[in-house]
Amino acid sequence: VTEPGDKRVIAVSQGGSLTKETQDFVQSPGAALVKHDSKLVRRGLDELSNLLDSQWWLIERHYPLALLVDDGPGILEPIAIIEQVLTTNGYEVHSTSSEQAIELARSLHPHVAILRQITKRPDEMQFHTELSKHAQIIISATEEFEIPFEPFDMLSFPLEERELLKKTSSCVCESEWKRRQVAGVLSNTANRIIDSAHNVASALDNEIARSERYGYECSVVNLQVDQNWHEQRGDLLLRGLRDLPRLLNEQIKSFCGSYLVFPDAVYRENHFTILMPQTSLIAVERFADKLHDMIHGTNWEQLVGSSVKLSGAIWAVTYPQEGASAGDLLERIWFGPLRRLREI
Amino acid sequence: MVANIGLPPKPEEQELSSKRQELKDLENELVEHELHLATLKGELAAFEKEYLRIVGVKYAELDEIEAQIAELRARNEPRNLEAQAAAQNAHRRAEESRANTVGLAPNARRHFSNFPVLRGLYRHIARTVHPDLATNESDRAKRQALMAEANRAYEEGDETRLKAILQEYESSPESVPGEGTAAELIRVIRKIAQVKTRLSEIAEENRKLMESELFVLKTRVDEENKRGRDILKEMAAAVGLRISEAQASLKKIAEAQSA
């Protein structure tokens, strides 16, 4: 302990009690004090983060669903290998025979159905057509096998894990996208994006390619409106949030500066996905702040004609830190985990 | 009524008057900043106690069980250096956590309360006994001790002690101001310098407190509380689950060893 007013620093260690002399010193004005935070405080911070994240997971986390269709032993690797790879990568996997596949697909609504090279069925074409109404189809087959229909993806054997995951994830996104078909309330800008790139995935693919070429980061922000709010006040949402893409665009443009060149907002049910080219991890957090303030500052009553308080959350993923492809990033946006930036 | 006889004030008197006004403004600022800092410290200290009482003790319990597990493993494999080191580390961690949480009164004051009367008293004391307003070294030392006690009493919400401190100083001879314009001017100028230095120290101390992990934790816990969640209890429950797992694991290891 030094004299009060002395500019030397004393460190009060974690734990233990202080003598009266030390207490007097650290309480007196001018005493330079460094008090180390207890390690228990650091652990508490970690605990809190886990708790808050896991709570969101409990509510939001759902797994992409894959249906494996297999009619028995063949020349290819056992379907169990595919099942193992997908399961360890966060998929919920169901296996079935082609006899039961259609019925199961109707009830489960899988994102993707992976079929083994099927040659036994007389009604093969009809079977594929029917199954494709319920899921994106991948056919696993040897390279010599000719895919019966053009739109189907093919996995060639010997199976490569990376190829399997890439194709599956791309099918999941396609499937998810179809489910969240863009409503007719899109802004012109958003429609332009859809028209020109067909879907967010291809728009994002383009952005990623550009980012890779120029060494940029790019981000995707997902503004998710609270589900309860959406369900209870869906009509208001449709009327009021019609203006949200416009407001978002204005906000993004005002923030734009050197960070953004190609911002657009897309309305999908209770999600707004915003592509943010040249936007880094840090910049997207700043944007989340702006977005949060904008939503709070917006007169929703005027827009929807009723007194409402919008609630939800702002999420983000950034290329390349949190995903290397559009499939990776969108899968994280739709299935988590991704960074929750701000509560609305 | 005696009229002003018309003599203009001397330059040093004019200077003294202007410096006194400057000092008065600075003193007001200083008192508010001291109050703010003391309040922040009080809030953090009360929060830390509450956090340690609810969550910290759970960590200490968990660390104790983990230390026992590590010790059993080390005893089981006396030649395994990694196991020995792990046991030592676990023991050290358990000791540290215990030291952080030992002696926490279960009925400790949960929230820092700074009622207006306390704030008023604190302001009055800071204005009267602040060490940076001392006129000489012995006065400064006395003020230093009183201010330290006042800070402690404020943090603990002890109104009686605050009143006693104020009374003690006001009845002491140091509270009588000195005379003489030149000497007074020098004293005031020095006080101004002291107050300015203290103001920048307060700003720095505030910054450090607000950057501390404890402040971050408190802010996040407060945010969750506002949303109606008792997050400290949830955290304690989460650690409680890990304690149960560790207890089961300890039991298993102990049974395997005795078999």
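Predicted model: local features only at pLDDT ≥ 70, side-chain atom pairs only at ≥ 80, totals over all residues.

Reader: How many helices and strands does chain A have, and what percentage of its residues count as buried?

Author: Helices (H or I, at least four residues) and strands (E, at least two) are DSSP runs, numbered from the N terminus. Chain A has 14 helices and 12 strands. Buried means under 20% relative accessible area, exposed over 50%, and partly exposed in between (1.4 Å probe, protein chains only). By that rule, 50% of the 344 residues of chain A are buried.

Reader: Which residues of helix α4 of chain A are buried, and which are exposed?

Author: An α-helix has 3.6 residues a turn, so residues three or four places apart point the same way. In α4(A), residues 98–108, the buried positions are A:S98, A:A101, A:I102 and A:A105. These fall within an arc of 90° seen down the axis (directions from the helix axis to the C-beta atoms), so they line one face of the helix. A:E99, A:E103 and A:S107 are exposed on the other side. The cover over the buried residues includes β3 (65–69), β4 (92–96) and α5 (124–132) of chain A. Just after this helix, A:H109 has a positive phi of about 50°.

Reader: What span should α2(B) have, and what is the distance between its end C-alpha atoms?

Author: The expected span of a helix is 1.5 Å times one less than its number of residues. For the 21 residues of α2(B) this gives 30 Å, and the end C-alpha atoms are 30 Å apart, which agrees. Its buried residues are B:A83, B:A87, B:A90, B:A94, B:S97, B:N100 and B:T101. They cover an arc of only 155° around the axis and therefore lie on the same side of α2(B). B:L81 and B:Q88 are exposed on the face turned away from that buried side. After the helix comes B:G103, with a positive phi near 75°.

Reader: Is B:S97 buried or exposed, and what is it in contact with?

Author: B:S97 is buried, with a relative accessible area of 3%. Contact means heavy atoms within 4.5 Å. Leaving aside neighbours within four places in sequence, B:S97 is in contact with A:L40, A:R43, B:A60 and B:D63.

Reader: How many residues does the largest nonpolar core have, and which element gives the largest share?

Author: In soluble globular proteins, nonpolar side chains tend to be buried together. A nonpolar core is a set of buried Ala, Val, Leu, Ile, Met, Phe, Trp, Tyr and Cys residues joined through side-chain atoms within 4.5 Å. The largest one here has 41 residues, and B:Y51, B:V55, B:L217 and B:L232 have the most contacts inside it. Two or more residues each come from α2 (39–60) of chain A and from α1 (11–76), α6 (181–211), α7 (213–226) and α8 (231–258) of chain B. The largest share, 17 residues, belongs to α1(B). A second, separate core of 18 residues includes B:L118, B:L121, B:V129 and B:L166.

Reader: Where is B:L232 found, and which residues does it touch?

Author: B:L232 is found in helix α8 of chain B and is buried at 3% relative accessibility. Beyond four places in sequence, B:L232 touches B:F47, B:E50, B:Y51, B:I54, B:V55 and B:V221. B:L232 and B:E50 are 182 residues apart in sequence, yet 8.9 Å apart in space, C-alpha to C-alpha.

Terms used
Residues numbered from 1 in each chain as written. Chains lettered and ligands numbered in written order. Heavy atoms only, no water.
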